[in-house]
Amino acid sequence: MSKLARTVSDFLGARPQYTHDIAKLQTYIDTVIDWEAAHGLVLRAPKLNDSASTGDWLKAALVPAPVALAPSPIPRGEFEKVVALQPALNTLFDRISQDHEFLSATLESLGTSDEFTARVYDMYLKQRALGIRKPGVIGIHRSDYLIDAPEGGSHGPRAKQVEFNTIAASFASLSSIVGDLHRFLLERTGFAGILEAGTITKSQLPENESLTSIGDGIAAGFDLYGKRDAIVVMVVQPGERNVYDQRWVEDRLWNQHGIRVVRLTFAEILARCVVGSDNRLILGEDEVAVAYYRSGYAPTDFPSEREWEGRWLVEKSRAISVPNLAYHLAGCKKIQQVLAQPGVVERFVSDRKTAEMVRECFVGLYPLDDSEEGKQAYEDALADPTKYVVKPQREGGGYNSYGEDIPKLLGRISEEERRGYILMDLIRAPGFRNVLLRNGQLVASEVVSELGIYGVWVSDADGNVVVNRHGGHLLRTKASDVYEGGVAAGFAVIDSPLLV
Ligand code: ADP
Ligand code: MG
Ligand code: MG
């Protein structure tokens with residue numbers, strides 16, 4: 001058995017050291033870029049829709065995905081723990097989604113502070129009032145963690161949950177391919193020139209099923225619909241750059257399951273689909289069994305009423321939307337904050353040990369409303385903003401406030417608006433020295449990594465569980481002096497874990 005890092009200093013000491021001297025690494029640039037192109041680890045080039053300033057040829061231009069040159073360390077015990085925990089989290093969120101009383105009380109506590117969430121909630125109420133029945137439920141989730149490892153602390157490194165994503169969790173496909181890239185570099189080069197001290201073995205680079213788990217999960221849900229020649233609609237953003245991550249899911253559905261995928265925006269759904277007899281969602285000659293959303297999580301995904309109407313067409317039909325409206329709502333930051341309050345996890349998870357394991361991953365989360373606790377949290381945030389992060393009900397990165405921006409934000413917004421935010425303890429993950437490759441350039445940087453564990457859930461119309469599993473992992477790595485961690489938002493690169 002490999003030695004586990006039981007204390008923070010064990011963990012920090014077991015990490016390899018990579019070179020700071022990027023001049024020595026220039027030969028890696030072509031090697032990696034060409035490997036990425038050959039293995040579909042690519043994105044569309046930026047400014048695709050800016051036809052005025054780009055030539056037509058740019059419409060077909062691809063760029064290699066931004067990556068870490070070598071894997072970043074994650075404590076093996078914590079990695080295995082959060083992987084094992086994922087089915088329990090899938091169950092927890094399914095139960096939340098079915099608890100109308102809990103969902104409505106929590107979301108109504110946001111008042112009028114958040115127009116977007118209110119609109120999704122209204123659609124959920126409308127769908128519920130109509131009593132629309134779906135043939136099943138499909139959840140494609142990702143639970144994100146940072147490693148809390150204070151030096152000199154009384155315990156070992158711990159994975160702490162940043163958030164739980166229930167909608168459009170991305171990068172599963174590209175993440176798996178980055179793991180392959182690092183395995184290739186290890187076998188082909190032994191990380192020659194990169195590795196300055198320490199060693200890396202293949203057993204430290206975990207296999208990652210995330211290339212296939214999402215497609216396989218959607219296929220299992222598709223089967224519940226019961227029409228072999230139906231289609232899956234992947235609902236996408238116009239001008240999406242992260243297309244290939246999605247195409248790999250499409251590939252899996254076709255190659256492994258013989259299921260056709262059509263890519264449509266919400267506006268195109270409105271223009272091209274109709275709801276026919278028995279609430280069937282029809283696109284031309286085809287019936288839509290599943291609508292997998294890689295859009296619909298941000299206000300910008302609904303620039304006009306047409307997009308809302310397109311979404312409603314799906315929601316009022318028999319087609320299974322991924323996520324369903326209740327799952328979408330269950331992923332709100334407000335739900336995460338309320339879950340952290342005493343007794344709430346336990347309301348959904350009867351097994352004491354499991355509830356404890358879930359709680360162990362939480363850091364302090366506080367309301368910013370007019371309750372006693374909310375007022376106290378407000379005072380605490382103003383007194384020492386460097387200990388916290390303030391989050392609105394948003395997804396997709398770039399919306400949070402940190403440090404000195406917290407008092408500025410809290411000073412600017414009204415008490416009513418404040419209800420739409422939550423306060424969270426800042427997790428201070430240990431910095432590590434890695435080399436990042438983005439835009440054809442190597443940058444040596446002090447970095448911090450965020451681990452995501454995918455979760456796949458499928459249940460039938462009667463609530464019987466068909467699939468409940470972890471679906472592989474994602475490691476995103478960013479320079480440690482930036483707070484936000486999204487790859488799509490331009491903050492981070494895709495990485496793979498080195499278990500130490
Ligand atoms: P989003 O849904 O927009 O991705 P997140 O809650 O994941 O929102 O926050 C975005 C980023 O902010 C995370 O990827 C992480 O880098 C940083 N972040 C969020 N919460 C914390 C926290 N409690 N401690 C430290 N960093 C955090
Ligand atoms: Mg999110
Ligand atoms: Mg996030």
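What follows is a tour of selections, with a note on what you'll find at each.

**Before you click**

This is a predicted model, in which local features need pLDDT of at least 70, side-chain atom pairs count only at pLDDT 80 or more, and totals for chains, interfaces and linings use all residues. Residues are numbered from 1 along each chain as its sequence is written, while chains are lettered from A and ligands numbered from 1 in the order in which they are written.

**Stop 1: the two domains**

Colour 8-363 + 431-499 as domain 1 and 365-426 as domain 2; these bounds come from an automatic or database domain assignment. Their centres, taken over C-alpha atoms, are 25 Å apart. Where they touch, 25 residues of domain 1 are in contact with 20 residues of domain 2 (contact means C-beta atoms, placed from the backbone, within 7 Å).

Now select helix α12, residues 333-339: with four residues, this helix gives the most to the side of domain 1 that touches domain 2. Helices here are DSSP runs of H or I with at least four residues, strands are runs of E with at least two, and both are numbered from the N terminus. That side of domain 1 has twelve nonpolar, nine polar and four charged residues. Here Ala, Val, Leu, Ile, Met, Phe, Trp, Tyr, Cys and Pro count as nonpolar, Asp, Glu, Lys and Arg as charged, and the others, Gly among them, as polar.

**Stop 2: the cores**

Next, show Ile218, Val232, Val235, Val290, Ala291 and Leu329, which touch the most other members of the 118-residue largest nonpolar core. A core is a set of buried Ala, Val, Leu, Ile, Met, Phe, Trp, Tyr and Cys residues joined through C-beta atoms within 7 Å. Buried means 20 or more other C-beta atoms within 10 Å of a residue's own, exposed means 12 or fewer, and partly exposed is in between. Strand β20 (residues 441-460) supplies the largest share of this core, eight residues.

Zoom in on Val235: leaving out residues up to four places away in sequence, its contacts include Leu264, Phe266, Ile269 and Tyr292. There's also a second, separate core of 14 residues, with Ala377, Ala381, Ile406 and Met424 among them.

**Stop 3: an annotated span**

Select 230-330, which an unreviewed UniProt entry lists as "domain: Glutathione synthase substrate-binding"; such annotations may be inferred rather than shown by experiment. The span is 39% helix and 27% strand, and its end C-alpha atoms lie 28 Å apart.

**Stop 4: a loop proline**

Find Pro206 in the loop between β8 (195-197) and α7 (210-225). Is Pro206 buried or partly exposed? Partly exposed, because 19 other C-beta atoms lie within 10 Å. Beyond its neighbours within four places in sequence, Pro206 is in contact with Pro497 and Leu499.

**Stop 5: a four-strand sheet**

Finish with the open sheet, in the order β15-β18-β16-β17, with antiparallel pairing. β15 (365-367) and β17 stand at the edges with a single partner strand each, so one side of each has no neighbour in the sheet. Strands count as paired if DSSP finds at least two bridges between them.

Start at β16 (residues 388-392), where four of the five residues are buried. Five bridges join β16 to β18 (residues 421-425), with Lys391 partnering Ile422. On to β17 (residues 401-402), which pairs with β16 over two bridges; here Val390 is partnered by Ser401. Last, three bridges join β15 to β18, and Pro367 has Ile422 as its bridge partner.

Note on methods:
Two residues are in contact if their C-beta atoms, placed from the backbone, lie within 7 Å.
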